[in-house]
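Subject: Structure for you to look at

Hello,

Here is the structure I promised you. Please open it and keep it on screen while you read on.

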Amino acid sequence: MTLEGFLLLAAALFAIGLYGALSQQSIVMLMMGLELMINGLIVAGGAFWYFVAPQTADGQVLVLVAVTVMALEMAMGFAVTTAIFRARDVDTTDGAEDLKG
Amino acid sequence: MGEVAGLMGGLGVLVAAVALSERNWAGVARGLVVQRRRTLLPDLLLIRLGVVTLPVVAVLAALVLPVGERAVLDLGVGIVWFNAMEVGAWAAVWLAGWGANSVFPLVGGYRFVAQGLAYELPHMFALITVALGAGSLRFGEVVAAQRGLWFVVWMPVAFLVYVISALAMAFWGPMGEPGGAGIAGGVTAELSGPDRLVFLAGRYALLVVAAAAAVPLFLGGGAGPWLPAWAWTAVKTVAVLALFAGIGRRVPAVRMDRFMTFAWMVLIPLSLLQLLVVGIVVM
Amino acid sequence: MAFWILAVLAVASGIAVFVVDSMARATFALLASLIAVGATFLLIDLHYLGALIILMMIMEMLVMAVFMIMFMMNPAGLMPMSMLHNKTGAAVISAAVFALLVAGIFLTDWPDRKGAPPPDPTEALGMSIMGPKMLVMMVIGVAILATMISTVVLATRRGRYDA
């Protein structure tokens, strides 16, 4: 249990999430990639709190914000997917790459 | 060692409970030895995961509950831990429902998620109300805060919400529609053999744990005359369980869409109001 | 030791998310990864945040599963199919990012630990967001409200004045 260990975990989760977010066509799968990336950020935030500055609660606050962002990202993502699906019957990023209404 | 023995005893009691409610000891024996029925193309991994998760989360939630004076795991954030573990039932029930690749279990699984979205927010507000009243998330301190007056007396709405949500979380009685007879047993429809036994035992374990948690949360924990604390805890747990069983026998089934409306239009405002009252009193 | 087991579990199930065919399995692989991360928090005294992550992520992933199955054409993965684009590019970019991050992790001279964790980190967090960091809490609250309104507006089929 070292700072490096935690950051390594964070980097691995971030990279896997990035791969998913870049390579998945489906919007919902893309969001799973984003969730994994934020998951990595959460690990890093908690690790910095414990191993660098446990005296102040800043790291904890960061984690709290990241967890909230995860939930909001998911809610907005599904709302957008639902709207796109209603408008033009697609659920992939490739089907929604233009800005035409 | 004592904990292990207690756990085994507890599981034995649960299997007996399954037998009693199915009115069938032979059914239990059959469950242990009979070969499982399979549906076409089931997702076996997910079924097993769901079946095993249900008793596991019930036990993990029970760890933080004080039996008498102390809990097995006296966590500073016991209430949050309890809540997190008991939400694991969502995953368990949905997985068991999805994995069978069959219509009625799937419907049951989705019903449970809908029910969960309805009961969880009022349930959380009830727990927060208790934590606010005690000024702590630790079960031990919640019990200590009730030395003068039990929380059930001055937080009746929170207690009522807790009872409703406990029934919903263990899909029991009026909230039992995810596993109800109306959809041929719902999530349990395709479970057979040991799977069924473990899943039902987990469900009863969840009901028992929900009843047991009401004791430190609202009923003063182990406080009481003459008997030692652990005995009072047991007596009160059985009393709450009897209340649950009575409701299960007498109240008709509730449709989840109606429960959803009721939860969001009535229970959430009421529990927020209760929270406000408790907040003012504590200040 | 416990940390490394959890870390391997988190990374392995993170990879599984993009390997398995079944959407249900993918969602629950992601849940496993998130829960493993929540469990690592229990190891570093962050009991409240650890339990909170487990609690929120179970609920979130269940909602996720419902939407995944609603939108994907092949949710159970019974007929394997590929829904990928730019596979090589994505692999190269993420591998490069990972390499950069790892290099940064091991080359940076991290500052020494200042002070020790408070006896109750949960209380420290609460005092912080209700005191000096109150602005963060207020922004989160407004953001949640804005998200609630905009998701309903986006997702509803009816317009403002339709019946």
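At what angle do the axes of helix H1 (residues 2-17) of chain C and helix H2 (residues 23-43) of chain C cross? The answer is roughly 160°, and the two axes come within 8 Å. Bear in mind that this is a predicted model.

**Two helices in chain C**

Angles over 145 degrees count as roughly antiparallel. H1(C) and H2(C) are therefore roughly antiparallel to each other. The crossing of H1(C) past H2(C) is left-handed. Find the residues that meet. On the H1(C) side they include Ala2(C), Phe3(C), Leu6(C) and Val17(C). On the H2(C) side, look for Ala26(C), Leu30(C), Val37(C) and Leu43(C), among others. This contact has 16 nonpolar residues, 4 polar ones and no charged ones.

**Chain C against chain A**

Which pair of chains has the most contacts? Two pairs of chains touch, and chains A and C have the most contacts. Here 68 residues of chain C are in contact with 58 residues of chain A. Six helices of chain C give two or more residues each to this side: H1, H2, H3 (47-71), H4 (87-107), H5 (121-129) and H6 (134-155). H4(C) gives the largest share, with 12 residues. By class, the side of chain C that touches chain A has 49 nonpolar, 12 polar and 7 charged residues.

Now stay with H4(C). Its partner to look at is helix H1 (residues 3-23) of chain A. The two axes come within 8 Å and cross at roughly 165°. H1(A) and H4(C) are therefore roughly antiparallel to each other. This time the crossing is right-handed. From H1(A), the residues in the contact include Glu4(A), Leu7(A), Phe14(A), Tyr19(A) and Ser23(A). From H4(C), they include Lys87(C), Ile93(C), Phe98(C), Leu101(C) and Phe106(C). The contact divides into 18 nonpolar, 3 polar and 2 charged residues.

**Chain B**

Turn to chain B next. Its secondary structure comes to 11 helices and 0 strands. Of its 283 residues, 52% count as buried. Now take the contacts in chain B between residues at least 6 apart in sequence. Of these, 79% join residues at least 24 apart.

Where does chain B touch chain C? In total, 20 residues of chain B are in contact with 19 residues of chain C. Helix H4 (78-99) and helix H5 (103-134) of chain B are the elements that give two or more residues to this side. H4(B) gives the most, with 11 residues. The side of chain B that touches chain C has 15 nonpolar, 3 polar and 2 charged residues.

What about chains A and B? No contact joins them. Their closest C-alpha atoms lie 14 Å apart.

**What the record says about chain B**

An unreviewed UniProt entry annotates "transmembrane region" on chain B. The annotation covers residues 45-65, 117-137, 149-172, 197-219, 226-247 and 259-282. Look at two of these spans in the model. Residues 197-219 of chain B are 96% helix and 0% strand, and the end C-alpha atoms lie 32 Å apart. Residues 226-247 of chain B are 86% helix and 0% strand, with end C-alpha atoms 30 Å apart.

Best wishes

Key
Residues numbered from 1 in each chain as written. Chains lettered and ligands numbered in written order. Predicted model: local features only at pLDDT ≥ 70, side-chain atom pairs only at ≥ 80, totals over all residues. Axes fitted to C-alpha atoms, helices over the stretch in contact; angles between N-to-C directions. Helix = DSSP H or I, 4+ residues; strand = E, 2+ residues; numbered from the N terminus. Parallel < 35°, antiparallel > 145°, perpendicular 65-115°, else oblique. Left-handed = near helix turned anticlockwise from the far one by under 90°. Contact = placed C-beta atoms within 7 Å. Nonpolar A, V, L, I, M, F, W, Y, C, P; charged D, E, K, R; others polar. Buried ≥ 20, exposed ≤ 12 C-beta atoms within 10 Å, placed from the backbone. UniProt positions renumbered as here; feature names shortened; annotations may be inferred.
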